[in-house]
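Please look over the sequence and the model first.

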Amino acid sequence: SFNSQVKIFEDKALVIDMENSLRCISIENGEILWTIKTEESLLRSQKKQSLIINKNFVYFSNSVGDVTAVDIINGEIIWQTPTQSSISFGSTFFLKSSDLISDGNSIFFSNNNNQFFSIDLLIGTINWKQDISSELRSALIGNFIITITDDGLLVVLKKDTGEIIRVNSIFKNIKNKKKKNFKPVGFLIGKRHIFLTTHNGRVCVINFKEGKIEKMLKLDKNKLQRPIYFKRSLYVAKDNS
């Protein structure tokens, strides 16, 4: 079984299976051209693993927190960077990492273990690490990274140093009894607003400058997927439908 995004490079498809192996498959005939095995987890992650492509290289994360760079042409590992301690047994059982993003020089991602990383794209060294807990795909705007934490904090960082320059509590005006249901799922950033989907079927329209909710749309009672922008419209899918 596969458990990742799918990336296409020329006539090849790249995908990660449930055993944390990266497979390169010929689009023409379905033949497996090469396989890269990484460390397996005792528990299978329910979150899809992430891949990005830069030039002739693919960079991917696995369910135990390793990030690996591979040459797509020959299937050779260029570097591999563990982000979780091997001393603490079981620390990666429930690890959930965000999608990888890159500015062409560094890779950025976070996890639910209160860690946000910047990793050098060329050699795999960790540039910086911040104490931020988020499973959500972050966004790059100029020299800044924007993310939303699992408990609803809007955080802006400098991408070169990891310095936190701004934090806003998005759900601060929601009553405490209801706040536990407003778990963030994914977001997109527009010109002046952030559009955030939640586990309880809401789309929150957030004023980016002030960091507060201007409007809340109730679309469902259950989890919504990360919104998608296409031709001046926002599309939102419900979970499993």
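## Largest pocket

The largest pocket has a volume of about 780 Å³. A pocket is an open set of points on a 1 Å grid over the protein atoms alone, with protein on both sides within 12 Å along at least five of seven lines. Grid points are joined across faces, edges and corners, and the volume is the space filled by probe spheres set on them. The model is predicted: local features need pLDDT of at least 70, side-chain atom pairs count only at pLDDT 80 or more, and totals for chains, interfaces and linings use all residues. Residues are numbered from 1 along each chain as its sequence is written, and side-chain values use heavy atoms, without hydrogens and water.

The lining of the largest pocket holds 20 residues; a lining residue has an atom within 4 Å of a point. Lys 47, Lys 48, Val 185, Lys 223 and Gln 225 lie nearest the centre. Strand 17 (residues 184–189) contributes three residues, the most to this lining. Strands are DSSP runs of E, at least two residues, numbered from the N terminus. By class, the lining has five nonpolar, five polar and 10 charged residues. Asp, Glu, Lys and Arg count as charged; Ala, Val, Leu, Ile, Met, Phe, Trp, Tyr, Cys and Pro as nonpolar; the others, Gly among them, as polar.

## Cavities

There are two cavities of 30 Å³ or more. In a cavity a 1.4 Å probe fits but cannot get out.

Four strands form an open sheet in the order 9-10-11-12, with antiparallel pairing. Strand 9 (101–102) and strand 12 (126–130) are at the edges; each has a single partner strand, so one side of each lacks a neighbour in the sheet. Pairing requires at least two DSSP bridges between two strands.

Strand 11 (residues 115–120) pairs with strand 12 in the antiparallel sense over four bridges. Phe 117 has Lys 129 in strand 12 as its bridge partner.

## Buried residues and cysteines

Thr 198 belongs to strand 18 (residues 193–198). Its relative accessible area is 0%, so Thr 198 is buried. Buried means under 20%, exposed over 50%, partly exposed in between (1.4 Å probe, protein chains only). The Thr 198 side chain makes a polar contact with the Asn 200 side chain (2.5 Å). A polar contact is a pair of N or O atoms within 3.5 Å; within protein, one must be able to donate a hydrogen and the other to accept it, and residues adjacent in sequence count only if both atoms are side-chain atoms.

Cys 24 is buried, at 0% relative accessibility. Cys 204 is also buried, at 0%. The disulfide count is zero, with a disulfide taken as a pair of cysteine sulfur atoms within 2.5 Å.
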